[in-house]
Amino acid sequence: MGFFFQELVNGIVVGALYSLIALGFSMVYGVLKLLNFAHGDLYMVGAFAGYFVIQWFGGSKALTIPVPLLLVIMFVLAAALTGGLGVAIERFAYRPLRNAPRIAPLITAIGISFFLENAALLLFGGQFRIYNTSDFIPFSSGFQIGSVSVDAVQIMVVVLGIALMIALQQLVVRTKLGKQMRAVAADREAAEMLGINVNFTIAATFFLGSALAGVAGVMAGLLFNQVTNTIGFLAGLKAFTAAVVGGIGSLPGAMLGGLLIGMAESFITGYVSSTFTNLLVFGLLIAVMLVRPSGLLGQVQLQKV
Amino acid sequence: MKGRNIIAASALGALVAAGCGSSGGGTTAGGGSKACKASIGIEAPITGPVAVLGQEQLHFAQLALSLDNKQNKTKITLVQGDTQLDPKQATTATQQLTSNANVLAVVGPAGSQEVEAVGPLFARATMAFISGSATNVTLTQGKYPTFFRVVSNDHVQGMNDANYIVNNLHPKAVMIVDDQEVYSTGLVGFMTPILKAAGIKVDHQSVSQKLTDFSSLVAKVTPATSVVILPWQVAGNAQQFGRNLAQQHKKAVIFGTDGLFSPDAFKIPGSYVSAFGPDITAIPADASLVTAAKKYGSFGTFGPPIFAATHVIDEAIASVCKAGQTPSRSNVLAAIKKTNESTSILGQPISFDSHGDNAHGKFFLFKINSAGKYELIPG
């Protein structure tokens, strides 16, 4: 039974991370109908930002500030940096193509992804940068029940992830900006005619989505320790899959999709074999898509004729 | 007078002819006449994700060349080819080197997959190439007639590591995890039968090299599993695996193969790592070389084998010159085949079998101490 709960914990932690990345992916798709393949690379930039914050404050073994303050700075700086970068990408790479055929911004998104990956290679080199999280948040700071171990970083990732998801959902449902975002997602032209500043709304969406990717990058650095310029590809792919399975454009769907993938990976690795993890996870996802093509919480698009 | 002029002119002509001969191909290396000139190439990941290793290889090649030129009174120069550890890049670099008529032999490339890509090109150019780190068994099965390596192969590594685990760590059960690459699955194939024959329960798992979280896999490490074997190539992943073990309070020891030999990136105390090269700082005869190499900064096990490979080529070129011949790709290749060094920077002799394997190659085993430092296990 302990083994089951250990895999459950592992699945929830990784799933929370996937959910956070998938949220940004889904938000951008919701307002712009754009598959932003550069999203995973913003996650990578966030992870690097967190790493350099640790270095600025003395390195993992000799921090010059308290750990809670360090974590706040890491998250805030990574979110601000990746949020700003997301806005810049939207302004200079996607906005000029807003009325172009849909394939054009898609290709641009792939180009931006490669650009960011190689820019990171040029700036930071190809070697792994290591957070060494256990130097400043020791494993003993968590708890153990029987054979199930949960460390403080895992708890933080899940709690922060859930808090951000709830905050984002509230922002979209209850605030003026959220209403504007929903209006732009529903019908951009009509929203513009009603006086909504579409450019600002889209930029704000990019900022929020990219900032979430940056936060997820720091979480990944704290959890998995290693950062390099290529970590964004797989994360982006998983987030894309989570968003599609949950119902692309649906924020609760992105959360559900992320958790589903994280748990499926964990339990298949634990109870079947790590050899078949990707095969079975994606097989399961194909089955979900066959039953519900618009995703678990996605809405069927009606086309007026 | 006229007769004297004719004699003088004849003597001058003979001297000029002799001079032309020596400048074209060199005479005796140590004979004091004109220098023995040639170029050799180096293929290494000088830039890219493993540039740290490539730079180390380049520096050790440069060091060997400068020492050998001084010792042999040769004028051998080095032409660089950057492979970025990518077979496609290696192919481009090889085409550049083989099309350069001055380049007579090449040190490198670093990876087995690169050797697979460039082997036919070097064979067509009748050009010797000596790797200091490509360890795949299939490379020396006769398909690349101009390929040599100064290190041993994965079969030897797999057997050595498995036997060490059986005889010294005495586990009841092990987990062995491949990273879905040829290097890794090959080593699993060599090690598993030895472990099973010793009555050890083997749990074989497989994960993508791109995976960075192993918590689900680590949950499967049972209390009876005292050794986890990771024949991986990404040291950072093994470091994370070790952290996941600690996170879940698992006591299993990690046993890594040479792909994990990275004192900067993999330093889980108590772990074992094998390596194709020794720690030359522990070889008394290498003390002066260690001092000389320190000007390039810290180094690991990738540089010294490249020093050895470069030295083999340098000596081959010098021997051709000593024999009064002009160094060419074919006579340098023939001289390399005859290599018989009684000792080397690697602390072992170097000579090649008919397929290019070092007849004296062996693997070395290190244990990571409580301070994260690699300590050579004698034997």
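Predicted model: local features only at pLDDT ≥ 70, side-chain atom pairs only at ≥ 80, totals over all residues.
User: What box do the C-alpha atoms of chain B fill?
Analyst: Roughly 100 × 40 × 35 Å, taken along the principal axes.

User: And how much of chain B is buried?
Analyst: Buried residues are 53% of the 379 residues in chain B.

User: Which domains is chain B divided into?
Analyst: There are two entries. Domain 1 covers 29-152 + 282-351, and domain 2 covers 155-275. Their C-alpha centres lie 32 Å apart.

User: How many residues does each domain of chain B give to the contact?
Analyst: Domain 1 of chain B gives seven residues, and domain 2 of chain B gives nine residues. On the domain 1 side, one residue is nonpolar, six are polar and none is charged.

User: Switching to sheets. What is the strand order in the five-stranded open sheet of chain B?
Analyst: The order is β2-β1-β3-β4-β5 in chain B, with parallel pairing.

User: Which strands are at the edges?
Analyst: β2 (74-82) and β5 (147-149) of chain B. Each of these pairs on one side only. From one strand to the next, the twist averages 25 degrees.

User: What holds paired strands together in general?
Analyst: Strands of a sheet pair through backbone hydrogen bonds.

User: How many bridges link β3 and β4 of chain B?
Analyst: Three bridges, in the parallel sense. Strand β3 of chain B spans residues 103-107, and strand β4 of chain B spans residues 128-131.

User: Which residue is the bridge partner of Ala105(B) in β4(B)?
Analyst: Ala128(B).

User: Where does helix α3 of chain B lie?
Analyst: Helix α3 (residues 87-98) lies across β1 (36-44), β2 and β3 of chain B. The helix runs at about 145 degrees to β2(B).

User: New topic. How many residues of chain B are in contact with chain A?
Analyst: 25 residues of chain B, in contact with 28 residues of chain A.

User: Which elements of chain B give two or more residues to that side?
Analyst: α2 (51-72), β7 (201-206), α7 (215-218) and α8 (235-247) of chain B. The largest share comes from α8(B), with six residues.

User: And how do the residues on that side of chain B divide by type?
Analyst: Nine are nonpolar, 12 are polar and four are charged.

User: Last one. Among contacts in chain B between residues at least 6 apart in sequence, what share joins residues at least 24 apart?
Analyst: 69% of those contacts.

Notes:
Residues numbered from 1 in each chain as written. Chains lettered and ligands numbered in written order. Domains from an automatic or database assignment. Contact = placed C-beta atoms within 7 Å. Nonpolar A, V, L, I, M, F, W, Y, C, P; charged D, E, K, R; others polar. Pairing = 2+ DSSP bridges. Helix = DSSP H or I, 4+ residues; strand = E, 2+ residues; numbered from the N terminus. Axes fitted to C-alpha atoms, helices over the stretch in contact; angles between N-to-C directions. Buried ≥ 20, exposed ≤ 12 C-beta atoms within 10 Å, placed from the backbone.
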